[in-house]
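Hi,

Here is the structure I promised to pass on.

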Amino acid sequence: MDSRDSSSSSVPNRDGTAGDDDGVLSVTAALAKDAALYFQSRKFAECVDVLTQLKTKKEGDPKVLHNIAIAEFLRDGCSDPKKMLEVLNNIKKRSEELAHASEEQVESGSDVGNKVTSGSKESGSTTHQVSASHSASTIYTAEFDTSVISLNIAVIWFHLHEYAKALSVLEPLYKNIEPIDETTALHICLLLLDVVLASCDASKSADVLNYLEKAFGVGNVSQGDNGNILLQQSTNLVGKLSSVPSSSLVSDASTPDLAASVNASENPLSGTLSEDPLDEMFSTLDISGQNLSRSADLTSPKELPRTTVDRSIFGVDLKLKLQLYKVRFLLLTRNIKLAKREVKHAMNIARGRESSTALLLKAQLEYARGNHRKAIKLLMASTNRTDTAISSMFNNNLGCIYYKLGKYHTSAVFFSKALSNCSSLQKEKPLKLFTFSQDKSLHITYNCGLQYLACGKPIIAARCFQKASLIFYKRPLLWLRLAECCLMAVEKGLVEGSRPPSNRSEIRVDVIGKGRWRKLLIEDGISRSGLVESVGKDDWALGGDEEPKLSLPLARQCLYNALHLLNCSDSSRLKCLLPSNSSLEENESSDGASSKNPNHKSLVGIDSKPSTLSVGLVNSNGDLKEPKAGTNQEMIHNSVAYFADICRKENQMMKQALLANLAYVELELENPLKALLAARSLLELPGCSRIYIFLGHVYAAEALCLLNKPKEAVEHLSIYLSGPNKVESPFSQEDCEQWLTEKPIDCEEPNGGGGAATAAKNPSPEGMQEFMFLKPEEACGTLYANLAALYATQGELDRAHQFTTQALSLLPNSTEATMTAIYIDLVLGKSQEALSKLKRCSHVRFLSSNLQSNKSS
Amino acid sequence: MGKKMLNFEEQCKILNLLKSSSEQKSIEEMLTEFFTNPKLRHFNVCYSLSLLLQDKMMLSSTERLVAFAILHRSYSSQKSAANPFISFLVNAACDEGAENYERAFILHLLGFGNSNSSKEFLKQSASEYIKKFDPSSQTFPQKEQLQKQYLEKAHPEPYACLLKSTAVKNVLADPDVPPGCDANSAECVSQDVFDLEPGAKSKLGSGDRDEALSGLIANLSLEGLIPHWIRPLPPRFPVDEELVWLNPDNNHELQWDQGMCADTSRGAAVRDLIAKALRGPLAPNQQEQVLVELANDPKLVYHCGLTPRKLPELVESNPLIAVDVLIKLINSPEIAEYFTVLVNMDMSLHSMEVVNRLTTAVELPKEFVRTYITNCISSCENIKDKYMQNRLVRLVCVFLQSLIRNRIIDVKDLFIEVQAFCIEFSRIREAAGLFRLLKTLE
């Protein structure tokens, strides 16, 4: 037995060159210290030299190899991060292999002992579980600890904007963070926080933020209104524990001899069994009451600061950093009010220090509140524009503000400035790893795409979105925007095979012959046939250098992508709404070995228990109840719930838009059945806006009409009939405004900046202008025109005639309505009336037949 | 661009055909010549002709005859009912307003009346046919009769879109004539003839029929005029929080691994002591040392050499150390395994003590506590030795009372089980006490 235990303790030295030789050990230790000093003073060449010496003494030591790789990479100017990733992954693999090998040694030794000592009946069942997970734990035995390597791998992924990959490395570390030493653990947490914030994952951000504040105790020690939190927390804790002894066994009258035995046995756990084991039992049981203060000390679950000593080490810097993280988190979750409070707090902490980040966040806050002028002022104040990276952000952010102000051309100027900043950043030498993450050109390019779309330039906008898809390909909105580009391009006649816009909004009439032989040939300019035929086989493949070929089939493909992504995020968001359960599921799926354990569920639940305190603080209006005296945790949790609510709403809106677009595209592609399906699912959406209900009915009716089901088509349209021939407005102006300002904006307190509040509440005129859709009365006209068309095909010409008259009074310039009116006249044999309508309509273009026949010949 | 019904070649062909109708070629000859081109799209040609025929002024009488002949001949290889223009032909044959020779010609084409259906009449030219036509020789049947004969076996309407199937002709006559002058009157026609004299072409109300004809033929489209549906373009999705606002990133530097060549003997003393603690109780000062060192280095507990498998030994030999270690490991991912081992251990004073202490120090998973209690109760029931059983029952009772009083467990969860236990061992004083406690809580 002795030999086994000693062997296990000496395992770490196993491959070292005579680890028990004190002389060699101290030499390597000294070299390691030198190398570390060089590294810290950024003398990487010298550092590598020392490490090379060290390497000869400790051949194959993964930690030496790792530090060499890091130092060389930095020495060589971070030129090839992808290769560096490969190197680090190899070292990590090697380290794990070594750990595994040493593990097996220990295992084979201890197995023997185990059989001898424990013959309990359960051993068989437990052994399996234990050994399955054992390897995971021993990775953290100091020698083969890979946490630093993993952290560095994640750091590189982070700088390359590969947040998902960074997350996949960091999450296992975070889950097993307890054994990792303080400094590394802090780096892991901070990096993880940046990663999850960058990927807009509010609930994970909240989790990490909570953990950081608890474990490093920084967030709690704050001035002002947060000051009471620590106190509150600690009293809660004590309160919970102190409730224990008051009703402890000591006071049990049925065991009168108990108190005596307690006093008698000073140290009942000496291990020697007393005469009456039962007495001892009693005494040990109630020791829990007596020694309460002690046991409270022993408690080190996450409620207590990880180590009180460390707090001073990280100091104000960390405090400010965490405060800024918190503001970023609150901005992400659009908890504007709290963000405002916390950003103030951050400014207080930063007093007298460099606080440009705080100012930038404040600018973002004002931007989010719709207070654009103030945002511009803050941006101007914050910026150190000599730094290329910063000025790129500055320009981009100004671009955002001007976009919101409806000044698309000004915003275009700033976006392109920001992009050129980025490209000059790339040329700066020496290259730093940080430079990679500072290159935000793809983000800026996305903004450019939006701006071009707003300016009605679909092709160039699509090119931007295509570029940005490298990082945003998982966002459903990106795909919706691409589909919008396609639709706009088709509408503008920029797509091969589509008609130029003039042809779509005009009635073309060929004038054939002269004099008494003159004939008018009304061309069916609106009919979309012909678009379908232009469908090319060379569908745009994502990621290709090729420019996307905008087309209706591409629009459809994009819409399907978006719907798919949206459904995925819906199901994952469902989990987020139930925070404790969701973390549970994740854990269960990730470590399958222990999931059979009946205790496992509730065990994992411990972590997230504090966060289940206050679900449902978001009331039905979606307003966030201000947690007045709430703890940080509560505040963070509420923000997550609030944000989940916002996301749910936004996704609902997006789904409406996607299905409406899909129905439209399918109609354009002459797939009435699919169009009908899309329109029906649109109408089935809960909480659908009245605008989209209107679209759903119109599209469904048209699809049904194309499927020769006029009766059902009429049903869809007659929903809006209030009298036999009277159409109700399908939506109101307020519906449009509400659609534009769906985001629940936190309004300012009445005493300060009321202007900002109203600006945010009402859609700006620019916003309305951007919302290019039918006015309510035009929607009525559309319904009249479509009812007319429907009844005309049914042969109910009188009714059709009535509707068409009403349609033309509301939409005098509508080509479609005019055509239907002319059609009805012709069917009724009133060719003179048709002719006069044709000549009255402002959208008619008469073409001489000679030209035409020449062209076509 | 919209689909033109006829390609250029077809246009020429039709124009030539119509022009040559006034020549002395036999109709048969013209038809044969016309159908020599295999690429000819019969339907498109026929449809164009039918559109032209609908306008009574557009084609001359000979041209009309030839056009009708083509409409018929295009589909003559099939049954008459299969001809898509059969109803057009029938209607034309019954058109009271049409010239009789034309109606008779169509009836001839359809082979109406004369069973020997000679094609003799096609051997003459169109103008000859008109000239030789004897109105008295022809009787005109009722429309119903014709419809019965030629349309009865017609196929059901092929599927067509509702909107399109109701299309009307999209050609409108727009005669540009002075008001008061009837465009269709004979005067105008005669004036036209007069106008055709050289040099007098561009007079008001005049026009070139050939030009109009070729223009029409060039521009006719398959689609007629149909009622139009307004298909509103969906609005663009509002840009809300979509624009990317940029903030400076935190710089994350690559980290030096401080663990390189570090002293791995960290906590060697504790590891040794823990190893010892597995085999037997430690001396008080040793115990104190372990607790102090573990308290000094919060990470040491992860490196002290304890594994879940070794826990039972530690519990039996040094329960206090076991409690301390487990409390320190409470956030460790392995804690679940430790609990599993603990719950499955043989029931003993020490294991119960450990669990009891844990319940007061940390929040234990409910499931764990419940399973542990169940195991306690079943251990009591299974034990054979009466003395040992009494002892264990008393222990369990005290343990349960402690848990209940400290509100570690909710009595409701285990009420029946615990009650049954109390009743079974009611002879034991502590069990009776526990039972009373249960009753007060009820």
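Let's start with Leu220(B), which sits in the chain B loop between helix H11 (209-219) and helix H12 (268-279); helices here are DSSP runs of H or I with at least four residues, numbered from the N terminus. Leu220(B) is buried, at a relative accessible area of 1%. By that I mean under 20% relative accessible area, while exposed is over 50% and partly exposed is in between (1.4 Å probe, protein chains only). Its C-alpha is 24 Å from that of Ala98(B), 122 residues away along the chain.

Before you read on: this is a predicted model, where local features need pLDDT of at least 70 and side-chain atom pairs count only at pLDDT 80 or more, although totals for chains, interfaces and linings use all residues. Residues are numbered from 1 along each chain as its sequence is written, chains are lettered from A and ligands numbered from 1 in the order written, and side-chain values use heavy atoms, without hydrogens and water.

Next, Glu316(B), which is part of helix H14 (residues 311-317) in chain B and is partly exposed at 36% relative accessibility. Leaving aside residues up to four places away in sequence, Glu316(B) touches Met345(B), Ser348(B), His350(B) and Ser351(B), with contact meaning heavy atoms within 4.5 Å.

As for cysteines, there are 0 disulfides over all chains, a disulfide being a pair of cysteine sulfur atoms within 2.5 Å. The sulfur of Cys780(A), a buried residue at 10%, has its closest cysteine sulfur 12 Å away in Cys736(A), so that pair is too far for a bond. Cys12(B) is partly exposed at 30%, and its closest cysteine sulfur, in Cys46(B), is 18 Å off, again too far for a bond.

Cheers

Technical notes:
Helices (H or I, at least four residues) and strands (E, at least two) are DSSP runs, numbered from the N terminus.
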